Amino acid sequence: MPNATLRLSAIMFFTMAGIFIVDQNIKMLFVDGFRYYTDCIDLILVYNKGVAFSMLAFLDEWLKYIQLILVSAILIYIITLKKICFAFPAGLMLGGAFSNVYDRFIHGGVVDMVYWHCGFDFAVFNFADVMIDVAVVWFLILNFKPKLCKS
């Protein structure tokens, strides 16, 4: 059904573009010098050369190409899956992922800015990371509750 594929692609593309644009604009604030400090959360600029918790940083330049291939494979998989209920969370995930990969090409590392240190130190993260996490939870719910996904 080409109409369903078109709807899935449109929902996914516009969600992906929206997340990418919002995330890049937030990151530009910090690249341009914005900082804010509180007792629990600091808004600072950190360039993450690895993935979560700086893992795989040893891959250097290869990491961005590996991530680009993985994100493209997810995009192709979601389009071939043809389930419209996956379009929005896929857009959240892919928008965040493409934004982080874009950072690697432009800045040499992912621009992270939210540092939680209230009670315990946590990794520095960004808006794209939060959207990816939301999408993963959404995918888990859709997979464990298949009745929620009718297409």
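Buried means under 20% relative accessible area, exposed over 50%, and partly exposed in between, computed with a 1.4 Å probe on protein chains only. By that cut-off Cys-149 is buried, at 10%. The model is predicted, so local features need pLDDT of at least 70 and side-chain atom pairs count only at pLDDT 80 or more, while totals for chains, interfaces and linings use all residues. Residues are numbered from 1 along each chain as its sequence is written, and side-chain values use heavy atoms, leaving out hydrogens and water.

**Disulfides**

- The structure holds two disulfides, a disulfide being a pair of cysteine sulfur atoms within 2.5 Å.
- Cys-40 and Cys-118 form one of them, with sulfur atoms 2.2 Å apart.
- Cys-40 lies in the loop between β1 (36-37) and β2 (41-48) and Cys-118 in the loop between β3 (110-116) and β4 (124-125), so this pair ties together parts 78 residues apart in sequence; strands are DSSP runs (E, at least two residues) and helices likewise (H or I, at least four), numbered from the N terminus.
- Cys-40 is partly exposed at 25%, and Cys-118 is partly exposed at 29%.
- Cys-85 and Cys-149 form a disulfide with sulfur atoms 1.7 Å apart.
- The torsion about the S-S bond of Cys-85 and Cys-149 is about -60°, so this disulfide is left-handed.
- Cys-85, in the loop between α2 (62-81) and α3 (87-107), is linked to Cys-149, in the segment after α4, 64 residues away.
- Cys-85 counts as buried, at 19%.

**Helix α4**

- The buried residues of α4 are Ala-128, Met-131, Ala-135, Phe-139 and Leu-142.
- The face turned away from the buried side of α4 carries the exposed residues Asp-133 and Phe-144.
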